[in-house]
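Here is a short report on one protein model. Look at the structure first, then read on.

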Amino acid sequence: MVMPSKTIFLFILVCFINFITIQANNNNNNNFRWSSYSNIHETTPTSIFQINLKTLLSYLSSNATANKEFHNATVTDINNSSNTVYGLFMCKGDVPAHLCSQCVTNVTSYNDWESGCSLCKDMVIWYDMCMVRYSDKYFFSTLDLFSSSSSSCSAVDVSNQTISKRLVSETLNEVADKAANFSIGIKRYATKDVIVSGLQNLYFQAQCTPDLSPQDCRKCLNESITQVLRNCNRDSNYVMTGDSKTSGCYIRYDVYPFYRSINAPTILELDPASNTTNSNYIRK
């Protein structure tokens, strides 16, 4: 018995909706992805630096509840500059305000830092939806290509590998250019999807911390692109999808739509002063 074309169409539509629903639910997960820290200079549990760090993390968490997707803060010790701590958070460009707040609140809970290096003076931690960084050294608006980075890859069996790999390289650079020169507010964020073959698409996402200049953002993303292409294109039998993160930017591509659409700018995006701020707190 041959199924009517209308029935086939409805079946395909239902399958597609189920797939998108599953991916949307996955996008609401907020799992740990990567952390990096320097333990060259460590403090003690009761040190002034540790007290200032806890204060900083509290400030970052409270500011994430105010519909901000980026915020930096400084807790200054006027008696001893070595106890000053700088920090920031950034949510991914497609993450809604309430999920941004949840992510930053979870990451800045002190248990997360204890699982890495609770006594370190420099650390960055990435989750699915946000990143948080702190340091005893001033790093705002500063490009750091010498800190550690992370990249991960997975194999995808698609046809015409040569073209696909060329498309990957070209589109990674295209989305990096777009992110570095993002026109809405000061968010340095971009996405793009391209057709590989038939029904197969690839999806790309790139973002920098908005305190970086367009030039430094592009340099940061170029380093991430170099990492992901070097690590994720070794097997000639497969196209590798992957991502790369540093302390100032990230880039990712995959075979499913892992990001949300932000084609329509929100009021917050049109008013950059309302969703990115900085604070300075002085301890006497």
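## Salt bridges and confidence

Arg166 and Glu170 join their side chains in a salt bridge, 3.8 Å from N to O. A salt bridge here is a side-chain nitrogen of Lys or Arg within 4 Å of a carboxyl oxygen of Asp or Glu. Both residues sit in helix H5 (residues 161-180), four residues apart, about one turn of the helix. An α-helix has 3.6 residues a turn, so residues three or four places apart point the same way.

This is a predicted model: local features need pLDDT of at least 70, side-chain atom pairs count only at pLDDT 80 or more, and totals for chains, interfaces and linings use all residues. Residues are numbered from 1 along each chain as its sequence is written, and side-chain values use heavy atoms, without hydrogens or water.

The whole structure holds nine salt bridges. Three of them are listed here.

| Salt bridge | N to O distance |
|---|---|
| Arg166 and Glu170 | 3.8 Å |
| Lys137 and Asp136 | 3.2 Å |
| Asp254 and Arg252 | 3.4 Å |

Buried means under 20% relative accessible area, exposed over 50%, and partly exposed in between (1.4 Å probe, protein chains only). Lys137 is exposed because its relative accessibility is 51%. Asp136, at 15%, counts as buried. Asp254 and Arg252 are both buried.

How confident is the predictor? pLDDT is its confidence in each residue, from 0 to 100. The protein's mean pLDDT is 78, and 68% of its residues reach 70 or more. Over residues 7-27 pLDDT stays under 50.

Technical notes: pLDDT = per-residue confidence, 0-100. Contact = heavy atoms within 4.5 Å. Helix = DSSP H or I, 4+ residues; strand = E, 2+ residues; numbered from the N terminus.
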